[in-house]
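Subject: Structure handover

Hello,

The structure we discussed is below. Please look it over before reading the notes that come after it.

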Amino acid sequence: MSSTNSNYPEIREAVAKLCSQYPGEYWRALDDTDTYPTEFVQALTDSGFLSVLIPEEYGGAGLPIEAGCVILEEIQRSGCNGGACHAQMYTMGTLLRHGTEEQKKKYLPGIAEGSLRLQAFGVTEPTSGTDTTRIRTMAVRDGDDYVINGQKVFISRTEHSDLMVLLTRTTPRDECKKPSDGMSVFLVDMREALGNGLTINPIKTMLNHATTELFFDNMRVPAANMLGAEGKGFKCILDGMNAERILIASECIGDARFFVERASAYACEREVFGRPIGQNQGVQFPIARNYVETEAAALMVYNAARLFDEGKPCGSEANMCKLVASEASWHAADTCLQTHGGFGYAQEYDIERKFRETRLYQTAPISTNLILSHVGIHELGMPKSF
Ligand SMILES: Cc1cc2nc3c(=O)[nH]c(=O)nc-3n(C[C@H](O)[C@H](O)[C@H](O)COP(=O)(O)OP(=O)(O)OC[C@H]3O[C@@H](n4cnc5c(N)ncnc54)[C@H](O)[C@@H]3O)c2cc1C
C-alpha cells in the first residue's frame with residue numbers, strides 16, 4: 001500500500017469485501033448481454049456507500065468528497081465498475097448546493113435510504129456536443145409547469161434511475177448577454193415523465209454502460225422542480241461537474257491500480273525462455289512507469305478533492321486531475337494487455353473488458369482536448385481557439 005491509498009482504511013476494506021462478492025464472472029456475464037448490474041448497485045446502496053456525501057440531517061453519512069473518491073477507487077481497483085452508479089454521488093451535489101430546503105427535504109432522505117435513485121445527468125446533445133451553451137432543449141413556462149422539448153444523447157443509466165438532473169435552455173442563446181446565461185436545471189421525475197413526453201432509447205456501445213438517447217416531446221415538469229434560479233443553471237451544474245471530474249478521476253486511479261497489480265502479478269508468474277517475463281526490463285519498466293504515473297495522478301486527485309471539500313475554486317484542479325488520472329489508467333491498461341500477451345485478449349482475464357471500460361474516460365465526462373483548452377486559456381492565458 002502506498003501513501004496515496006492509505007486514507008479511509010476501514011472504508012477501503014469494506015468496499016473491497018463487498019466487491020469480492022462480484023467477481024469477473026459476474027461482470028463478464030452482464031457484459032455479454034448488456035445488462036445493468038442491479039444486484040451490485042443494490043448492495044452498494046444497502047451498505048450506504050452511495051449516500052456517504054449526503055449530510056447526516058438528510059440521512060447520509062455527511063462525509064467529504066475524499067471518501068467518495070476512496071469508494072469509487074476501490075470499486076474499480078477490485079475489477080468492478082462504478083460507472084453503473086457513480087452519478088448518484090455527483091448529481092446529488094447539484095440538489096444539495098442549489099436546491100431549496102423544501103426540495104432537499106423532499107428528495108435527499110429517499111436518495112440516502114435507497115428508495116429514490118438519482119443516477120441520471122442529462123447534459124450532452126447530438127448537435128451541440130461539448131459546446132454546452134449551444135444546447136437546444138428548451139423549457140417554456142406554462143402555468144405551474146415548464147413544457148420541455150428537445151433531445152439528449154449518451155445519457156447514462158436513465159432506465160435505472162427515478163430522477164434526472166436535466167440542463168435545458170429557458171432563454172435562447174442569442175437573446176442572452178453571455179452564452180452561459182439562459183440555461184436552467186430541472187430535477188425530472190422520470191417515473192412520471194416516461195410515456196408522458198419522455199422517450200428513452202438505449203444506445204449500444206463498446207462497453208456495458210446503460211447509456212441512452214432521450215426525446216422530450218412536450219414533457220411537463222413542475223416549476224417547483226427547478227434547481228437554482230431560472231437562467232442560472234450553468235453555474236448550478238458546474239459544481240456537479242467538478243465533483244464528477246474528481247470522482248471519475250478516482251475511478252481512473254482505481255482502474256490504473258487494477259492494471260498495475262494484474263500486470264506485475266502476471267509478470268512474476270508467467271515464465272517464458274526459462275524465467276519470469278517480469279525479469280526482462282522491457283516488461284518490468286513500463287509497469288513501474290505506470291505505477292509512478294498512478295501515484296502522481298492520485299496526489300492531484302486528492303488535492304482537487306481537498307479544495308472541493310473546503311469550498312474553494314477547483315475547476316482547473318478537477319480538470320487536470322481527471323486528465324492525468326485518465327492517462328495513467330489508459331497507459332496502464334495498454335501495458336497490462338501487452339504484458340498478458342495473447343491471454344490479455346481472452347475475456348476470462350477481464351483485462352480486455354477493463355481496457356474497454358477505462359478508455360471511456362479519455363472522452364467522458366469531458367474529453368482530453370477540452371481539458372487542455374481549459375488549462376491553456378485559464379491557467380496560461382493563451383487565446384481561446386473557439
Ligand atoms: C458511454 C458514454 C456515456 C456518457 N454518459 C453521459 C451522461 O450520463 N450524461 C451526459 O450529459 N453525457 C454523457 N456522455 C457524453 C460525453 O460527455 C460526451 O461524449 C463528451 O463530452 C464529448 O462530447 P461529444 O461526444 O459531443 O464530442 P464532440 O464535442 O463532438 O467532440 C468530438 C471530438 O472533437 C474534439 N473537439 C471538439 N471541439 C474541440 C476544440 N474546440 N478543440 C479541440 N478539440 C475539440 C473533442 O475533444 C472530441 O475528441 C457519455 C458519453 C459516452 C460515450
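Predicted model: local features only at pLDDT ≥ 70, side-chain atom pairs only at ≥ 80, totals over all residues.

Overall fold. The protein has 386 residues and a radius of gyration of 21 Å, which agrees with the value near 21 Å for a compact globule of that length. Its C-alpha trace spans about 80 × 50 × 40 Å along the principal axes. There are 12 helices and 10 strands. Of the residues, 48% count as buried. Among contacts with a separation of 6 or more, 73% come from residues 24 or more positions apart.

Domains. The assignment gives domain 1 (3-113), domain 2 (118-231) and domain 3 (235-379). The C-alpha centres of domain 1 and domain 3 are 20 Å apart. Their contact takes 28 residues from domain 1 and 29 residues from domain 3. On the domain 1 side, the elements giving two or more residues are helix H2 (24-33), H4 and helix H5 (87-98). H4 gives the most to that side, with 10 residues. By class, the domain 1 side divides into eight nonpolar, 13 polar and seven charged residues.

Core. The largest nonpolar core has 113 residues, and Phe186, Ile246, Val301 and Cys321 touch the most other members. Helix H8 (residues 233-269) gives the most to this core, with 18 residues. Leaving aside residues up to four places away in sequence, Phe186 touches Ala139, Tyr146, Leu166, Thr168, Val221, Asn225, Met226 and Leu227.

Ligand shell. There are 23 residues around the ligand, and Val123, Gly129, Thr130, Ser367 and Asn369 come nearest. Strand S1 (118-122), strand S3 (145-156) and helix H12 (368-379) are the elements that give two or more residues to the shell. The shell has 10 nonpolar, 13 polar and no charged residues. Where does the ligand lie relative to the domains? Domain 2 and domain 3 both give residues to the shell, so the ligand lies between them.

Loop residue. Glu57 sits in the loop between helix H3 (38-46) and helix H4 (65-77). Is Glu57 buried or exposed? Glu57 is exposed, because 11 other C-beta atoms lie within 10 Å and the cut-off for exposed is 12 or fewer.

Regards

Technical notes:
Residues numbered from 1 in each chain as written. Core = buried A, V, L, I, M, F, W, Y, C linked by C-beta atoms within 7 Å. Buried ≥ 20, exposed ≤ 12 C-beta atoms within 10 Å, placed from the backbone. Helix = DSSP H or I, 4+ residues; strand = E, 2+ residues; numbered from the N terminus. Contact = placed C-beta atoms within 7 Å. Near = placed C-beta within 6 Å. Nonpolar A, V, L, I, M, F, W, Y, C, P; charged D, E, K, R; others polar. Domains from an automatic or database assignment. Rg over C-alpha atoms; globule rule 2.2 N^0.38 Å.
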